[in-house]
Amino acid sequence: MAEKRDDRNNNTNSTAGQDASPRSGEQPYIREKIVKPKRRSRFLAMAIGGFFGAVMFGLIACVSFVWIYPYVSKMRGPEVAETTTAERITLPTHSEEETTTQEETTPVPTETSSEETGAEGPTEPESEGALLPVDKEWIERLIDRKIDADQVSIRDLEAYSREIIKVYQGVEKSLVTIMPAASVDPVFPSNQGAISGIMFSHLDSVRTIMILTNIEAAKLKDPVVRFAGQTQYLPAQVRGTDSIMGLAVLSVSFEEKDEEFYKSLTCIELGNTYQVRSGSPVIAVGAPFGSCGTMSYGSVVEMRYDQVATDTSFRMFYTNIGAPKNGTGFLVNINGQLIGLINTAYKDRAAEGYIAAVATEELTRLITNMSNQDANSYFGIVGQNITQNISKATGMPEGIYVTTVQPDSPAYQAGIMNGDIITAISTQSVTRVIQLNEALTSFSRHLPNETVMVTLMRLGRDEYNVVTVPVTLGVRQ
C-alpha cells in the first residue's frame, strides 16, 4: 500500500514537472499586479492649480505693461499722443425756468432790529394794536438818519473802481491776442490788426485749449495766438465757424515739454445769463474800443428778447458803455463770468455808439459743436413766433411764421415760402424759433444731409391748409 502511494506521488510530480519552466524548475503560480484606480480629486487639484497659474500670469503681465508703458510712450513720442482718444467738450447750460425757481426759493435777508443788535436808533411810537395819527417828526428823523448813514463819498467810488479792476485782472488771464503769422514783429511787437479771443475750455488728454473769437480770426492766414503775460506766439487751428452769428472757435495744442505752462492757463467760466437784469453791472473786455487790451464797465440798460437771425432767436443785452463801431470782445458779470459776445450785426441802429452783446446761453450749443468739430445743420429761414396769445388775437395758427427764406437754402429748395407757418419737424412739435434752433444744433439734432418732413400751415383762399414737405438739411457754415 505504501509502495502504491509512493508511485502515485511520483506520477503526480512527473506530470506537474512537464508544465514547469525548464530554466527555473520551480512550481508555477499566478502573479497579479494590483493597480490603484485614478482618483478624481487629483484631476480637480490639477485644474485648480492651472487656473491660479493663469491668473498669476495675467496679473504679472498687467503689472509689467503698466510699468513699461510710460517708457515705451516716451520712445514713441508724438505717435502715441496722436492715437489718444480725446474727450468731448461739454459746456454748462442754464434754463430760464430753473433760474426763476431758484430766485423764488432763495430766502430774502431780513433787516435786524435795533433791539437785536443793541444799536440805538429811532423807535416807532407804540400803537398798542390801534391806528395812531402819523408822527411826521418821527418819519423825518428816520429819513434824515437814513440819508446820513448812506452818504457816498469819493472814497466809495474809488473802492468800487478797485473792485472792478480786481474782476478784470482775473478775466484778463483768459484773454488772448490773435494775429496772422506774417504780421508778428519779434523786434517791435504791436497789436495793430490783432483780434481778441478768450479761452473757455480745454482737452487735457491732448493738451489743447479752446478759444472763442470773432469769425474774422478764422479768415487770417496762418493765425497765431499770444497768451496773457507772454511774448511768444503759438500756431492755432480753426475748429469751426458760424457766419450767421459771426463766431469762430480756434484751438492751440501744446507739446509734452509745455505741460506746466498748459496747466497754468485759465479758462473763463460761463455765467447764467438768465440772472442778468436791467441795471446789472457788467464789464466789457477784449477789444471793445477796437484795440486788444481795452476795457470799460457800466450796466445793462435794456434787454431785448426774441431777436431773430437765420434759424435762430436770441436775447441781446444793451448797455450804457460807449464804444466805437469796430468794437469787439466779450461781456462779463461782476463774478468774472462770460455772459455775452459783443455784436454789431444785429444791434439796433438806435443804440449806435453803445455796446450790445448776444447772450451766451443761446450760443452754447453752437460753440459746443464747433469745439468738437461737429457740423451744425442748416435750414435757411428767418421766422417770428406766433404765440398762443397772438394766435387767439389774429386767428393765425400757432407756430413759426416765415418772414424770409434764404436763397438756395434747403428750405428754399423744398418750396417753403414767406407766410408759411411751421408747426413740426418730423414728429417733433416746433412752435418757437428757439425750438427750431434746438432741432438743428442740440446733441440729438437732425444731422446735415438728413431729410426731414416739415409740417406747415399755408394760407389758401379762405383758410390755412396743412402741407407736408421733405427738406434735406444742409451744413451751417
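Colleague: Which helix holds Tyr-160?

Modeller: Tyr-160 lies in helix H7. Helices are DSSP runs of H or I with at least four residues, strands are runs of E with at least two, and both are numbered from the N terminus. This is a predicted model: local features need pLDDT of at least 70, side-chain atom pairs count only at pLDDT 80 or more, and totals for chains, interfaces and linings use all residues. Residues are numbered from 1 along each chain as its sequence is written, and side-chain values use heavy atoms, with hydrogens and water left out.

Colleague: What makes the nonpolar surface patch, and which residues are in it?

Modeller: Ile-154, Leu-157, Tyr-160 and Tyr-297 make a patch of about 400 Å². Patches take residues with over 30% relative accessible area and no salt bridge; nonpolar side chains (Val, Leu, Ile, Met, Phe, Trp, Tyr) are joined within 5 Å, like charges within 9 Å. Areas come from the Shrake-Rupley method with a 1.4 Å probe, and for residues only the protein chains shown count as cover. Tyr-160 at 37% clears the area cut-off. Tyr-297 at 34% clears it too. Helix H7 (residues 154–172) gives the most, with three residues.

Colleague: How many aromatic pairs does a search of the whole structure find?

Modeller: Six. Tyr-160 and Tyr-297 form one of them, at 5.9 Å centre to centre and 70° between the planes. Tyr-160 is in helix H7 and Tyr-297 in strand S9 (residues 296–309), so this pair ties together parts 137 residues apart in sequence.

Colleague: What is the geometry of Tyr-160 and Tyr-297 called?

Modeller: Edge-to-face. Rings of Phe, Tyr and Trp (its six-membered ring) pair if their centres lie within 6.5 Å; planes under 30 degrees apart count as stacked, over 60 as edge-to-face and the rest as tilted. The centres pass, and 70° is over the edge-to-face cut-off. Tyr-297, at 34%, is partly exposed. Now take Phe-254 and Tyr-262: 5.7 Å centre to centre, 50° between the planes, so tilted.

Colleague: How do you know whether Phe-254 is buried or exposed?

Modeller: Its relative accessible area is 5%, so Phe-254 is buried. Tyr-262 is buried as well, at 4%.

Colleague: What sits over the ring of Tyr-274?

Modeller: The charged end of Arg-315, 4.1 Å from the ring centre. The rule asks for NZ of Lys or CZ of Arg within 6 Å of the ring centre and within 35 degrees of the ring normal. Arg-304 sits likewise over the ring of Tyr-318, 4.6 Å from its centre.

Colleague: What makes Glu-158 and Arg-162 meet the salt-bridge rule?

Modeller: Their N to O distance is 3.6 Å. A salt bridge needs a side-chain nitrogen of Lys or Arg within 4 Å of a carboxyl oxygen of Asp or Glu, so the pair qualifies. The two are four residues apart in helix H7, about one helical turn. Glu-158 is partly exposed at 37%, and Arg-162 is partly exposed at 44%. The structure holds 14 salt bridges.

Colleague: How far apart are the closest N and O atoms of Asp-420 and Arg-458?

Modeller: 2.9 Å, which makes the pair a salt bridge. Asp-420 is in the loop between helix H12 (410–413) and strand S17 (421–425), Arg-458 is in strand S19 (residues 451–459), and the two are 38 residues apart. Asp-420 is buried at 2%, while Arg-458 is partly exposed at 22%.

Colleague: Which residues form a network of salt bridges?

Modeller: Arg-207, Glu-259 and Lys-263 are linked in one.

Key:
Buried means under 20% relative accessible area, exposed over 50%, partly exposed in between (1.4 Å probe, protein chains only).
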